[in-house]
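Subject: Structure handover

Hello,

Here is the structure for your files. My notes on it follow below.

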Amino acid sequence: MSNALGIDVNHYVYITDVALILANNISFVGIKCTEGTTVNDSQFLAHRNLVRSQPFALVIYYHLARTGDPVAQAHRFLETVGELHANERLALDTERTSTVSIQWIDTFYSELPTDRRHILYTSAGVWTGMGNPEWSKSETVDLWLPRYGSAHEPVIPGPWTDYVIWQNSETGNVPGVSGACDTNLWNGDIDQLRTYASLVAS
């Protein structure tokens, strides 16, 4: 099986030629949107418009979690993203520096629309740092996991048994991107990615 390929971008490492990215077999793109309660990524609107001009199988908009009101952060995220297209999904990025709890994460996802599945970017280390909690929403929120420089798949945390995206490098060289970028592997081929992008929430 040949895994579908993806990248994720932000204002530090940004898209310069979106058609060239697609021409180099990139099938899905993650785009930073917001962070905490005050930060909008300065390239978000440009990135959103660029990826909507090309037939990517899947586009993921993500919010970087910071301490503070999860309801306010979710609402700000949704307002900034705007109306979603059918192939677009929402994700929460939880880093070690986010220092949010499972209750915070649960509240954030409770504010998101219920018409599609959502994605969580985390790691086994972050999840363990929260006490390795059980989480009922793990059945409807899919995993995006990092593990760099290894042929071995990421360690799957807590209540999940599988992941959908493996962020396998932070130093990728992809034509059409301004510099070294995060690269990602879909846990399946392009047909499985397209099927996922067409699914409604279940």
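Contact here means heavy atoms within 4.5 Å. On that basis, residues 24 or more positions apart account for 64% of the contacts in the protein with a separation of 6 or more.

Some ground rules. This is a predicted model, where local features need pLDDT of at least 70, side-chain atom pairs count only at pLDDT 80 or more, and totals for chains, interfaces and linings use all residues. Residues are numbered from 1 along each chain as its sequence is written, and side-chain values use heavy atoms, with hydrogens and water left out.

Overall build

The protein has six helices and nine strands. These are DSSP runs numbered from the N terminus: helices are H or I with at least four residues, strands are E with at least two. The radius of gyration is 16 Å, close to the 17 Å that the globule rule gives for 202 residues, so the protein is as compact as a globular protein of that length. That radius is taken over C-alpha atoms, and the rule is 2.2 Å times the number of residues to the power 0.38. The C-alpha trace spans about 40 × 35 × 30 Å along its principal axes.

Of the 202 residues, 50% are buried. Buried means under 20% relative accessible area, exposed means over 50%, and partly exposed lies in between (1.4 Å probe, protein chains only). The accessible surface is about 9,100 Å², and carbon and sulfur atoms hold 49% of that. Areas come from the Shrake-Rupley method with a 1.4 Å probe; for residues, only the protein chains shown count as cover.

Cores

A nonpolar core is a set of buried Ala, Val, Leu, Ile, Met, Phe, Trp, Tyr and Cys residues joined through side-chain atoms within 4.5 Å. The largest one has 42 residues, and Ile7, Val51, Tyr61, Tyr109 and Trp135 have the most contacts inside it. Helix 4 (residues 102-110) gives the largest share of this core, five residues. A second, separate core has 16 residues, including Tyr121, Trp144, Trp186 and Ala197.

Look at Trp135. Beyond four places in sequence, Trp135 touches residues including Ile102, Ile105, Asp106 and Tyr109, as well as Trp127 and Trp160.

Then try Ile31, which sits in strand 2. Ile31 is buried, at 0% relative accessibility. Leaving aside neighbours within four places, its contacts include Val9, Phe44, Val51 and Tyr61.

Salt bridges

Side chains of opposite charge can pair when their charged atoms come close. I count a salt bridge when a side-chain nitrogen of Lys or Arg is within 4 Å of a carboxyl oxygen of Asp or Glu. The whole structure has seven.

- Glu35 and Arg66 meet at 3.1 Å, N to O. Glu35 is in strand 2 (residues 26-35), and Arg66 is in the loop between strand 4 (58-64) and helix 3 (70-81), 31 residues apart. Glu35 is buried at 18%; Arg66 is partly exposed at 24%.
- Arg116 and Asp115 meet at 3.0 Å, N to O. Arg116 is buried at 12%, whereas Asp115 is partly exposed at 41%.
- Arg117 and Asp142 meet at 2.8 Å, N to O. Arg117 is in the loop between helix 4 and strand 6 (118-121), Asp142 is in strand 7 (residues 141-146), and 25 residues separate the pair. Arg117 is buried at 14%, and Asp142 is buried at 11%.

One network also turned up: salt bridges with shared partners join Lys32, Glu35 and Arg66.

Best wishes
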